[in-house]
Amino acid sequence: MRFLATVAVFLLCATASAAATEPLPMPVEIPAGSYVLHAQLYLPAAKGRFPTVIALHGCGGLGGRSEPVQPRYRDWALDLLKGGKAVLFPDSYGSRGLGPQCRVKDRRISGRRERVADIVAAQKWLTQQSWAMPDRVSLMGWASGASALLWAVRPQLPDHIAPDFRSAVAFYPDCRASSGLGWSARVPTLVLIGGMDDVYSPPACRQMVDGARGRSALTRIVVYPDAYHDFDRVNLPVHAVAGADAGAPERGHVGSDPEARADAQKLVSDWLAR
């Protein structure tokens, strides 16, 4: 019993030590016209200038009840940090005093307007930071954040500044509006979605990307046949969305797919390195 107790204490200490050494985000404030855009910033430990990813949360918001960045986004931030990239998470909802917007019928935040404005504000702020490489700023988004990304990379966006984004990665966006509007992109854009995604529409995303060929920057779509919405999350069993979860989509299934996640990690690394 004494041995088991000693082992338990050792494991707890090791876990606490690992948590203590995990990079923590820094809160930053970004001027954005009539409001202040709050964001969380992960910076590599080394000194110098870094490529940066502006990362866009989904409809559940950026943080949790006791943490500024949900584990699903933190995991990606840590992966990107290992590759020498800084990661900036604008908090589009918290900055406006809002909670999750997944089940809100009359949403005050539009991906096409407010969230694109947040992206532009974040990009302008990065051009003023001594540690950032203005010509190596990329976009990455999930679900509704990915949908906003699709608007932000369109050639018709009037507010984009130079140097433009280096590239963009959209995880399971809602492509239905974009596919019907002759979508195209100014910058290389990668779309990743599960073939079993019944929250949004994989066929609409494929139609959108196929329709952009020949009149767009490089675009690519990867559909993981057996994966569902949120396939890149860690240790989330596939399940039907519960009606009481304000931070989850209104319908469909969500859940991890380890093989799809591992492949996405490699694809994202290669895409952002271009």
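Trainee: Which exposed residues sit on the face of α7 turned away from its buried side?

Mentor: Keep in mind that this is a predicted model. Helix α7 runs over residues 258–272 and reaches 21 Å from its first C-alpha to its last, close to the 21 Å expected at 1.5 Å a residue. On the face turned away from the buried side, the exposed residues are Pro258, Glu259 and Lys266.

Trainee: And what arc do the buried residues of α7 cover around the axis?

Mentor: The buried set is Ala260, Arg261, Ala264, Leu267, Val268, Trp271 and Leu272. An α-helix has 3.6 residues a turn, so residues three or four places apart point the same way.

Trainee: Which residues have the most contacts inside the largest nonpolar core?

Mentor: That core has 77 residues, and helix α3 (residues 114–126) gives the most to it, with seven. Take Leu192: its contacts, not counting residues up to four places away in sequence, include Phe171, Val222 and Phe231, along with Ala264, Leu267 and Val268. Inside the core, the residues with the most contacts are Phe89, Phe171 and Leu192.

Trainee: How far apart in sequence are the parts that Arg186 and Asp164 tie together?

Mentor: These two form a salt bridge, with the closest N and O atoms 2.7 Å apart. Arg186 counts as buried at 17% relative accessibility, while Asp164 is partly exposed at 24%. Arg186 is in the loop between α5 and β7, and Asp164 is in the loop between α4 and β6, so the parts tied together are 22 residues apart.

Trainee: Is Asp230 buried or exposed?

Mentor: Asp230 pairs with Arg233 in a salt bridge, the closest N and O atoms being 3.4 Å apart. Arg233 is partly exposed, with a relative accessible area of 27%. For Asp230 the relative accessible area is 4%, under the 20% cut-off, so this residue is buried.

Trainee: Over which residues does pLDDT stay under 50?

Mentor: Overall, the mean pLDDT is 90, and 92% of the residues reach 70 or more. Where pLDDT is low, the predicted coordinates should not be read in detail. The stretch under 50, with zero contacts beyond four places in sequence, is residues 1–19.

Notes. Residues numbered from 1 in each chain as written. Predicted model: local features only at pLDDT ≥ 70, side-chain atom pairs only at ≥ 80, totals over all residues. Heavy atoms only, no water. pLDDT = per-residue confidence, 0-100. Contact = heavy atoms within 4.5 Å. Helix = DSSP H or I, 4+ residues; strand = E, 2+ residues; numbered from the N terminus. Expected span 1.5 Å × (residues − 1). Buried < 20%, exposed > 50% of the residue type's maximum accessible area, 1.4 Å probe, protein only. Core = buried A, V, L, I, M, F, W, Y, C linked by side-chain atoms within 4.5 Å. Salt bridge = Lys/Arg side-chain N within 4 Å of Asp/Glu carboxyl O.
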